[in-house]
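This briefing looks at how two protein chains meet in one structure. Have the sequence and the 3D view ready while reading the points below.

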Amino acid sequence: MGKPTDNIEDKVLKFGNTQIRKSAIEGMTEKEFLKTYKPLISTGAEQAVKELKKKKIYFKK
Amino acid sequence: MELCVCGTGGGNTGLPSCYPIFDVTKQAIFVQYRKADGTINGLDLSALTSGVLDQTFLDSKVKDSNPLTRWFPSPELKNIVDERADDITEEFEDGTSVFIQEGARTFEGMIIKGDTILLGNLQKWRCLEIGVFFIDKKGNLIGKQTRDGYLDPILIQKESFSPGLMKGTDTTIQKNRIRFTVSSFDNDANLRMIEASKITADLLGVNGLIDVVAGTPSNVSTTGFDVQLNTNFGGLTSKIPASGLELTDFQINEVSPTPGPVTITSVTESTTTPGLYTFVFPAETSGDVLEVSNASGVLDKNYDVAKFQVSIP
């Protein structure tokens with residue numbers, strides 16, 4: 001039996017009034033994220049970046 | 001209609017010391033009487049957990065993304081009339097008469113603060129083969145049992161469904177009136193219920209879905225667009241917005257030139273304009289036509305979003 005796999009489903013993360021697919025975040029750079037979501041996330045895109053780092057969700061390099 | 005069975009005697013006439021009975025109707029749940037496969041769109045009792053109708057089950061019916069199998073509960077009904085007309089008999093010259101058939105059962109109820117949008121939606125049922133469950137004052141769910149293992153909806157006589165608008169007066173409030181006749185194929189003796197004691201869902205007071213329509217998408221790019229989503233309710237220039245929808249409430253499919261699902265990256269509702277949503281998705285090709293619709297399966301909110309298309313510039 002293989003190792004249990006985490007995050008099988010594509011989670012949706014909430015930042016203020018915005019819901020973002022986790023896989024989409026992992027597929028974009030931090031710069032792309034900030035460019036897209038600065039005008040959208042009501043609680044601030046920079047704050048969202050901090051929360052993502054705490055949750056160990058990383059942007060594409 | 002059940003017939004007399006000769007040769008077996010009449011039915012027994014005893015009653016247990018304690019047994020439940022129906023109370024006055026508070027809500028009706030309309031359904032398409034038949035499913036696409038031709039079977040009755042009934043409640044499969046084996047789908048209940050230990051015979052209990054729980055919230056998950058109720059949501060699966062009321063928020064079913066498939067309108068052909070969905071339950072459509074009415075708002076609360078008042079001034080209920082639910083009675084059979086006098087029997088039809090044949091009378092003879094000697095003053096005696098014989099029973100020919102039961103009179104028709106007619107139902108009428110009022111929706112307080114009824115609305116013309118709701119009226120229009122009710123009118124859409126007229127041409128359909130309609131079934132109805134009733135929710136009574138005690139919270140019992142009433143239907144009929146004519147096949148084992150199911151509580152089926154009661155069949156409404158074809159072309160008898162008649163909703164109407166009763167405008168307010170100096171002394172009365174505006175109402176919608178619902179009136180229909182129960183099919184002569186249905187027998188009162190077959191009426192059955194799931195008792196309120198076996199219903200843990202919030203059945204009494206259950207709300208139906210609200211239609212949501214999209215305005216013209218704006219700021220359309222290869223990676224997203226904005227769109228105002230409103231209900232049909234409200235004034236012509238002051239529609240009530242569909243607020244509170246989220247990413248998981250939608251799905252997007254490319255319909256042209258290459259049909260297939262498009263994964264939504266994010267959805268944001270404006271904090272200043274309720275019902276104004278920004279959709280973001282992976283870059284699409286110029287000329288693609290996308291279609292936005294309800295997520296499939298059981299809907300999460302009480303909104304039914306009408307499909308709309310977006311052409312990628």
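**Where chain A meets chain B**

In strand E21 of chain B, B:Val267 is the bridge partner of A:Gln19. The model is a predicted one. The pairing belongs to a set of three bridges between E21(B) and strand E2 of chain A, residues 18–21, and the two strands run antiparallel.

**Extent of the interface**

- On the chain B side, 15 residues are in contact with chain A, and on the chain A side 13 residues take part.
- The two chains bury about 1,000 Å² between them.
- Carbon and sulfur atoms account for 55% of that buried area.

**Polar and charged links**

- Eight residue pairs are in polar contact across the interface of chain B and chain A, counting pairs with both residues at pLDDT 80 or more.
- The count of salt bridges between the two chains is one.
- That salt bridge links A:Lys14 to B:Glu246, and the closest N and O atoms are 2.7 Å apart.

**The side of chain B that touches chain A**

- Two strands of chain B, E21 (266–269) and E22 (276–280), each supply at least two residues of this side.
- E21(B) gives the largest share, with four residues.
- Sorted by class, this side of chain B has eight polar, five nonpolar and two charged residues.

**Points to trace in the 3D view**

- Start at A:Gln19 and find its bridge partner B:Val267 in E21(B).
- Then find A:Lys14 and B:Glu246, the two residues of the salt bridge.

Key:
Residues are numbered from 1 along each chain as its sequence is written. Chains are lettered from A and ligands numbered from 1 in the order in which they are written. This is a predicted model: local features need pLDDT of at least 70, side-chain atom pairs count only at pLDDT 80 or more; totals for chains, interfaces and linings use all residues. Side-chain values use heavy atoms; hydrogens and water are left out. Contact means heavy atoms within 4.5 Å. Buried area is the accessible area (1.4 Å probe) that two parts lose on being put together, summed over both. A salt bridge is a side-chain nitrogen of Lys or Arg within 4 Å of a carboxyl oxygen of Asp or Glu. A polar contact is a pair of N or O atoms within 3.5 Å; within protein, one must be able to donate a hydrogen and the other to accept it, and residues adjacent in sequence count only if both atoms are side-chain atoms. Ala, Val, Leu, Ile, Met, Phe, Trp, Tyr, Cys and Pro count as nonpolar, Asp, Glu, Lys and Arg as charged, and the others, Gly among them, as polar. Two strands pair if DSSP finds at least two bridges between them.
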